[in-house]
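Subject: Structure for you to look through

Hello,

Here is the structure I said I would pass on. Please open it beside this email and follow along.

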Amino acid sequence: MLSKLKMSILIGSFLVLAVLPFITEWIDEPFYVDLMARVMIFSIAAMSLDFILGYGAMISFGHALYLGLGTYAVGILAHYEVTNGWLQLLVCISGTAFIAFILGLISLRTSGIYFIMITFALAQMFYFLGISLEAFGGDDGLPIDTRSEFFSFFDLNEAWNMYYLILGTLTVIAIVLWKVINSRFGMVVRGSHSNDARMQAIGFPTMKYRLAAFVIAGVVCGLAGFLLGNLTEFLTPEYMHWFRSGELMIMVMVGGMGTLFGPLFGAFAYLMVEDFLANFTEYWQFYFGPLLILLVLFAKQGLWGMLPGKEDMSDD
Amino acid sequence: MTLLLFIEQFLNGMQFGVFLFLISAGLTLVLGIMNVVNLAHGSLYMLGAYFASTFFGLTDSLIVALILTIPVMLIVGILIELVVLRTMYERDHMDQVLATFGLILFFNELVRIIWGVEAQPLTLPIWLSGNVEILPDAPYPVYRLVIIGVGMAVAAGLFWMITRTRMGMLIRAGASNRPMVGALGVNIRFLYTMVFGLGAVFAGIAGLMAAPLQSVESGIGEDMLIFAFVVIVIGGIGSIRGALVASIVIGIFETVGRSILPVLMLEVVDSETAQTAGPALASMLVYILMAVILFFKPQGLFPARTG
Amino acid sequence: MTEPLLKVDQLHKSFGGVVATDSLDFDVMPGEIHAVIGPNGAGKTTFVAQIAGMLKSDSGSIVFDGRDIAGKTAPERSHMGLARSFQITSVFRNFTALENVSLSIQAHAGHSFKFWKRASTDRDLTEPAQKILDDVGLGDKALDLAGNLAHGQQRQLEIAMALATSPKMLLLDEPTAGMGSEESENMRKFLNELKGDYSMLLIEHDMDTVFSVADRVTVLVYGRGIATGTPEEIRNNAEVRAAYLGEDEVTTGA
């Protein structure tokens, strides 16, 4: 169970997010709705990465791939005039699950440095694939003309509807992932992080579980991509670039690895800092690079890890 | 696809393989001996290209540029090792990935600040820009043959050093059993710095040689880095021999594959499909090869460490 | 004449030029404790790793409970009744002692593709886990993080985790490693209590433990079994004494 402080921060944040659109209306700054919508999408993506990276020690340097795949699912179908949201969602989920399964089969046979390099290379392969697909815009990308249609009364073109869909998804995903992390399945993933040999010695065929976790993480990230495609109304292979994967890892670290909720805030922190620095100077990465190194050296536990209050080990 | 065209692509593939080898050799040693993931290795390649174009611009001589770039790259490599990499040896891979990722950001921006956003021009001197007839009626650029030659020379020199010198023996020992070498009382820090510096020099040479062939701009290191990763994964971490074999194989596979595949596809599908799917599939070839090899040998073809 | 529970025939394993296991014959009868001793580098842990399924032998056969297990993975062997404790403590440091043992129980309670119910409060797991912790003497430490336990307690936890998998045979790799004399004495008492209910292959350096607990002893030198017999027979064996020359462990024993 989370400490009281962390619980309050979480609930407080969700409440703020829930009423944010009303606040922006009041201060007449609708831009913030879109901004936070974007932040929330990356929170979902970051949480999905923490699931395998923080808890399972699978350092996947190609996670942004699934973000991109989600946008492609929406975009390609919309391009062919299939705008039914349910259908798009089905394609998104099954597509990302399938690809994550195959990639997981290939890469999870390895570990350590090999695993990092392979996930990097395989994700990049999809990036190059995306660039070479002229039919879908190549590296220029493709605009998505219509957002997904779910219910006739729920028009996603309304900014608030989009926002609340994203918030709703974030809330559900956060709860589900938290449940899974503490379930029997989650225990196996976490145990395999610490000591895979030990897990096998007590009788767990760990590969199966790690593969399942890998697929789950991919599908959740794909969902984030689905929302991203709808929000930005744009499809581009850039979302799959390894640089994006690096950003996701930064969000996880800044938030706090292996905490699930930390990366939620990590995404927020990273995107805010990036926005701030980018306004400052065009060469913001020049400053961010060394800053990142310093963070790794001195603030590794991330924001969530710096909060006082260890998790209470007893019951729910 | 004529035989001549095939030979030309084959040689191009070897030349590309040379670049890959120069980059991967250093990287595989760093990975194998120091157990550090260094994403910024591509940045060294990029810096080599930038320094080369600047020195060439100043002296109009490629040879002088080479002579100047080598010590500069060595110094840059040593600096990076002393300032950043040293802090990462005891850290886990995640930290190393993030920290060296930060280095990439830094260097990519640094070159734009120092040299501007425009790509740096570097044209070949007259004596290198001609063609030579490798077969009757088959002209091939002299420069590319020079690259292959330089690459082979470096590979030979590296092999000599690894197998015949004391330093080389330490490197081999370090690649297969790192803690032991430290326990033997060898000055590990010095070894690490030298290995990293050497890797930087090689990557820089690759950058220098590549500069006349491609545009010198920010971010060119990362595309090569990915290939270097594939090479190392296939060749085996810590193995120079593996890096050489894998580099040549990948270089040829990638280059020849890219030109053959669309042609082969025309035999099977119509030209429209071949035009769209061809390049797409071609870009995936190398990765498919990697996946297949990994399926049978998850540690690569010549892993330096036993298990 | 009962069949041995574990029968190892001509087991062979080499790494490059080094022979770690040299055509080794070995068996464990039901209910007995068969200890393996030998100087450092004799290949004891390599031997255990092959039986546990973490290392593939070059040749030879391993038959457990009447079945050839050479092709079976480590998890499969665990489900057949083979449990292992590690020489270097391998408990899950970030989990509580109770969670550690619960994991062992969970591993043998069907598949774990269960995504909803909280595992750490699941009575089907925690009740049997608590019982085992009580048996081992760690009952009051159930909610402590494994990483915070004293070294000797962690070794006990190792064994608790092995016991929780309802094994027929235990592979214990130096259970008393790093323990003081009182802790070792407790461990010896405990192992004697377990004898009969569980068969054991015991790797040990501590001769007091070997002589007070083992039914049979095999001496391993450079991967080869140079002698097998009762503790008394081994103590008096000239070849064995020669192999241990220079080592301090050839003391009086119980």
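This is a predicted model: local features need pLDDT of at least 70, side-chain atom pairs count only at pLDDT 80 or more; totals for chains, interfaces and linings use all residues.

Start with chains A and B. Their contact takes 37 residues from chain A and 36 residues from chain B. On the chain A side, three helices each supply at least two residues: α5 (112–132), α10 (242–255) and α12 (284–298). The largest share of that side comes from α5(A), with 14 residues. Sorted by kind, the residues of chain A that touch chain B are 27 nonpolar, seven polar and three charged.

Next, go to chain C and find strand β9, residues 216–221. Five of its six residues are buried, so β9(C) is largely enclosed by the rest of the structure.

Which way do the strands paired with β9(C) run? Strand β3 (residues 33–37) of chain C runs parallel to β9(C), and four bridges join the two. To see one of these pairings, look at C:His34, whose bridge partner in β9(C) is C:Arg216. Strand β10 (residues 224–229) of chain C runs antiparallel to β9(C), with five bridges between them. Here C:Leu220 stands opposite C:Gly225, which belongs to β10(C).

Finally, look at the turn of the hairpin that β9(C) and β10(C) form. Two residues lie between the strands, and C:Tyr222 in this hairpin takes a positive phi near 50°.

Regards

Note on methods:
Residues are numbered from 1 along each chain as its sequence is written. Chains are lettered from A and ligands numbered from 1 in the order in which they are written. Two residues are in contact if their C-beta atoms, placed from the backbone, lie within 7 Å. Ala, Val, Leu, Ile, Met, Phe, Trp, Tyr, Cys and Pro count as nonpolar, Asp, Glu, Lys and Arg as charged, and the others, Gly among them, as polar. A residue is buried if 20 or more other C-beta atoms lie within 10 Å of its own, exposed if 12 or fewer, and partly exposed in between; C-beta atoms are placed from the backbone. Two strands pair if DSSP finds at least two bridges between them.
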